[in-house]
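Keep the viewer open while you read.

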Amino acid sequence: MSHYRSNVRDIEFNLFEMLGIDRFLGSGVFSELDRDACRDILAEVTRLAEGPLAASYADADRNPPAFFPGTGDVVVPESLKKSYAALRAAEWWRLEAPPELGGVPAPRTLVWAVAELLLGSNPVAHLYGTGVPFAAVVHREGTAEQRRIAAHIVERGWGATMALTEPDAGSDVGAGSARAVRQEDGTWHLEGVKRFITSGEHDLAENIVHLVLARPEGAEAAGTKGLSLFIVPKFLFDQESGEPSARNGVRATNLERKMGIKASTTCELRFGEREPAVGFLLGDVHNGIAQMFHVIEHTRMMVGLKAVAALSTGYLHALDHARTRIQSADLTRLGDRNAPKVTIVNHPDVRRSLMLTKAYAEGLRALVLYTADWQDRVAAGERTGTDVSEARAVNAFLLPIVKGVGSERSYEQLAHALQVLGGSGYLQDYPLEQYVRDTKVDTLYEGTTAIQGQDLFFRKIVRDRRAAVDVVLAEIDEFLRAVGGDDRLRSEREALARARDAVAGMVEAMLGHTGRAERDPREHYKAGQHTTRLLMCAGDLMVGYLLLRQAATARRRLDQGDLSPDAHAFYVGKTAVARFFALTVLPLLDGHRAVVETADNHLMEVPEAAF
């Protein structure tokens, strides 16, 4: 039986009932897509996800890839090879590829909905398949000749990596020491070490293309401004056919032993140590960090969704266990030795735990697809030549929330789901323990949670002059006005309004600190202490807002009547989870606001020895 449990019903509810993606379908580049076609796609992907793709999830964890230090080669387990072959053969990756590279046009909302099913089923297989979205970056940013490389990546199924991190630089990308030396033939030779490179070496593809940040010899600019982005293949190849030839000078010199996602190869790569590592300057322009951010933005969205996908299937496992596990009498008959035992879903604290997990599983899914909807608005505006600056800003604002809050809350709530199973959840008899291990890395991938918080405040709010946060807050205000006449949502509406004001107050207080930093730089400390707090509170606000939007939609559908028992239960669940979150989680944001507004620098004055 498959470990993976999908929630297509909730995905479809988000796509068609809450977001209304029908407005993008049936015309223009999406003329061949309608609601039924999207549902057929989701159904087919679900069959793949619950079948051959999920089949290797546990086996590849127990029997991880083998590393051969002498050659730097890696061999992945046969079970994973079968799952990966099924993933490739199904060709759903064409939804990610540009039409010029054989892709099938699809809204980003549908693309990310499909990605949830694949990531929840077998995240490692999906990570090995990131060549296609990386090829899209090469195609967009590259020269005419380099677009042919992008075509090879897609057509021949090559792997791809993003090589940023270095052992001594860590998250400070601008401190990297990898260098590139220009050659007479126009190529470059790369020298240096990169660490924590996902899919850096494996035998699932005939070639792997590394996108490497390095500093060109003679570059005068310090920090990230002096970095360029290079295409460095594992094997050199014929430019026209893509046929691989000689081994290039990039080799894996270590395979990390990890807490989770053990079947994913996390490598140390050395460039130019044994032989020259030949690379090509992307686009023939020295604009590395801006080019790499196209990759980073994609991977941050993917990492957040990976965590949410694991949370969703983990919640459904916990729910099933709670509905079938009989233990103890009902609390209303406490002390009655003759009282019949009940399933644990009837115990108040188990219900509380399950409803909180449901809230984050469904609310964070809504956040991912809501963010994708902004990406669709960007794409639609670009096609018609209209201004998309606001949509771009909102998408950029939401990405650190998707990644940071999505990963943190999912890891946290998976621990709650494991608690529902009790001691059994700690055993490999159930997939929860692997979900927990495999999801922790999502809080670290592509920038830790602290980095996401700093990005949200210092880049997406301060640097961008509140361009996006005010749009989102105004949207919440408009929604509150729109549902103001429904007294059945009064308590939830009032809680959301207070939470909205709490986050706005946190932003104002932190902007006040940074505004005073020109006179006293230590004022930055006051804001810096609370960037992660703001990130998490912004995430809870968005979850609360989107759950209440879903509840309003569900209320309208319930009022219409004529529902099957399953449909009725689904919509009642939407109203229940929104109320629970609004009344038990959103009030906590007032306390966080008070902490931020009374911030001082006592923490920064504590001597190091006192820690």
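Predicted model: local features only at pLDDT ≥ 70, side-chain atom pairs only at ≥ 80, totals over all residues.

**Aromatic pairs**

Let's start with the rings. Searching the whole structure turns up 11 aromatic pairs. One of them joins Phe13 and Phe570: the ring centres are 5.4 Å apart and the planes meet at 70°, so this pair is edge-to-face. Phe13 belongs to helix α1 (residues 8-18), while Phe570 belongs to helix α18 (residues 565-584), so the pair ties together parts that are 557 residues apart in sequence. Phe13 is buried, with a relative accessible area of 0%. Phe570 is buried too, with a value of 17%, which falls under the 20% cut-off.

Now take Tyr360 and Phe581. Their ring centres lie 5.3 Å apart with the planes at 85°, and because anything over 60 degrees counts that way, the pair is edge-to-face. This pair also links distant parts of the chain, with Tyr360 in helix α10 (residues 348-384) and Phe581 in helix α18, 221 residues apart. Both residues, Tyr360 and Phe581, are buried.

Here are the two pairs in one place:

| Pair | Ring centres apart | Angle between planes |
|---|---|---|
| Phe13 and Phe570 | 5.4 Å | 70° |
| Tyr360 and Phe581 | 5.3 Å | 85° |

Elsewhere, ring pairs connect Tyr370, Trp374, Phe479 and Tyr545 into a cluster.

**Charges over rings**

Arg9 places its charged end over the ring of Phe570, 4.2 Å from the ring's centre. In another such arrangement, Arg88 lies over the face of Trp93, at 4.3 Å from the ring centre.

How do α13 and α17 pack? Helix α13 (residues 449-463) meets helix α17 (residues 531-560) at an angle of about 85°, and their axes are 8 Å apart. That makes the two helices, α13 and α17, roughly perpendicular. On the α13 side, the residues making the contact include Leu456, Phe457, Phe458 and Ile461. On the α17 side, they include Leu534, Leu535 and Ala538. Sorted by class, the contact of α13 with α17 has eight nonpolar residues, six polar ones and no charged ones.

**A buried aspartate**

Is Asp438 buried or exposed? At 3% relative accessibility, Asp438 counts as buried. Asp438 sits in helix α12 (residues 432-440). Setting aside neighbours within four places in sequence, Asp438 is in contact with Tyr57, Asp61, Gly260, Ile261 and Lys306.

Finally, have a look at the backbone. Most residues other than glycine have a negative phi. Arg465, though, has a positive phi, near 55°, and Arg466 has a positive one as well, near 65°. Arg465 lies in the loop between α13 and α14 (469-482), and Arg466 is found in the loop between α13 and α14 too. What about their accessibility? Arg465 is exposed, with a relative accessible area of 75%, whereas Arg466 counts as buried at 18% relative accessibility.

Conventions
Residues numbered from 1 in each chain as written. Heavy atoms only, no water. Phe/Tyr/Trp six-rings, centres within 6.5 Å; stacked < 30°, edge-to-face > 60°. Helix = DSSP H or I, 4+ residues; strand = E, 2+ residues; numbered from the N terminus. Buried < 20%, exposed > 50% of the residue type's maximum accessible area, 1.4 Å probe, protein only. Lys NZ or Arg CZ within 6 Å of the ring centre and 35° of its normal. Axes fitted to C-alpha atoms, helices over the stretch in contact; angles between N-to-C directions. Parallel < 35°, antiparallel > 145°, perpendicular 65-115°, else oblique. Contact = heavy atoms within 4.5 Å. Nonpolar A, V, L, I, M, F, W, Y, C, P; charged D, E, K, R; others polar.
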